[in-house]
Amino acid sequence: MYIRQSSGHLKEELERRTLRLPLGAVQDLAKHGLKSLPEYFWRLPASSSGRFHSLEENKKAGLVLHTIRVCEAAEVLMEAWPPTFNAESVRLAAMFHDVGKYGFDEQPTEHTLKNHMRVGAKWLEEMGTWFHPPVDVLTVACNAIRRSHGKFGPDFPVTAEDWIIHLADMFALHKERLG
Ligand SMILES: [Fe+2]
Ligand SMILES: [Fe+2]
């Protein structure tokens with residue numbers, strides 16, 4: 001997949017992905033969720049330290065680029081995975097898995113938050129209370145966000161959705177190693 005790396009294009013690309021969710025509460029949640037993100041989500045790099053992420057993801061709007069890559073990698077993994085997962089939860093989790101990176105205050109945190117998985121999951125959970133998506137879809141998505149760092153994070157993956165998100169994140173992080 002070729003992605004044009006300018007903040008505007010990346011924003012449009014991520015917004016377009018909300019259309020892959022079914023019409024109704026889940027799509028509304030995703031659309032409103034993206035609109036509610038702090039403006040710095042759209043312009044900051046994926047990591048404040050420059051470690052862990054690929055070069056492109058450490059540039060301006062690298063966090064959005066990384067998010068789109070995780071969304072796409074999750075699509076590929078869903079094609080291969082036995083149909084034991086909820087695709088809505090996976091798409092929701094991929095889209096919002098790193099929204100907590102710089103917190104949600106008016107100003108971004110100086111460094112990316114180590115516990116951004118839990119911060120992001122909590123944010124999406126609260127956002128969900130406004131849209132009433134099916135409880136299981138939201139719960140599974142929030143768990144997958146919380147567990148998205150696999151053995152590198154505090155919450156270990158359990159479900160198929162957790163593993164799909166964690167592996168998608170790993171592939172996006174290490175994109176340069178794939179050539
Ligand atoms: Fe993360
Ligand atoms: Fe990530």
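This report describes helix packing, the nonpolar core and a few individual residues in a predicted model.

Residues are numbered from 1 along each chain as its sequence is written, while chains are lettered from A and ligands numbered from 1 in the order in which they are written. Because the model is predicted, local features need pLDDT of at least 70 and side-chain atom pairs count only at pLDDT 80 or more, whereas totals for chains, interfaces and linings use all residues.

**Helix pairs**

Helices are DSSP runs of H or I with at least four residues, numbered from the N terminus. Two packed helices are described by the angle between their axes and the distance between the axes. Here the axes are lines fitted to C-alpha atoms over the stretch in contact, and the angles run from 0 to 180 degrees between N-to-C directions.

| Helix pair | Angle between axes | Distance between axes |
|---|---|---|
| α3 and α4 | about 155 degrees | 8 Å |
| α4 and α6 | roughly 45 degrees | within 8 Å |

On a scale where angles under 35 degrees count as roughly parallel, over 145 as roughly antiparallel, 65 to 115 as roughly perpendicular and the rest as oblique, α3 and α4 are therefore roughly antiparallel to each other. The crossing of α3 past α4 is right-handed, a term used if the near helix is turned clockwise from the far one by less than a right angle. On the α3 side the contact (C-beta atoms, placed from the backbone, within 7 Å) is made by Thr-67, Val-70, Cys-71, Ala-74 and Met-78, and on the α4 side by Ala-87, Val-90, Ala-94 and Met-95. These residues comprise eight nonpolar, one polar and no charged, where Ala, Val, Leu, Ile, Met, Phe, Trp, Tyr, Cys and Pro count as nonpolar, Asp, Glu, Lys and Arg as charged, and the others, Gly among them, as polar.

Helix α4 (residues 87–96) also meets helix α6 (residues 135–146), and α4 and α6 are therefore oblique to each other. This crossing, too, is right-handed. Glu-88, Ser-89, Leu-92, Ala-93 and Phe-96 of α4 make the contact with Val-137, Val-140, Ala-141, Ala-144 and Ile-145 of α6, and the residues involved divide into eight nonpolar, one polar and one charged.

**The nonpolar core**

A nonpolar core is a set of buried Ala, Val, Leu, Ile, Met, Phe, Trp, Tyr and Cys residues joined through C-beta atoms within 7 Å; a residue is buried if 20 or more other C-beta atoms lie within 10 Å of its own, exposed if 12 or fewer, and partly exposed in between. The largest such core has 44 residues, of which Ala-74, Ala-93, Ala-94, Ala-141, Ile-145 and Ala-168 touch the most other members. At least two residues come from each of α1 (7–16), α2 (25–36), α3 (62–80), α4, α5 (116–128), α6 and α7 (160–173), and α3 supplies the largest share, nine residues. Leaving aside residues up to four places away in sequence, Ile-145 touches Ala-93, Phe-96, His-97, Met-117, Gly-120, Ala-121 and Leu-124.

**Individual residues**

Ala-73 lies in helix α3 and counts as buried, with 22 C-beta neighbours inside 10 Å. With residues up to four places away in sequence again not counted, Ala-73 touches Ala-168, Phe-171 and Ala-172.

Notes
Two residues are in contact if their C-beta atoms, placed from the backbone, lie within 7 Å.
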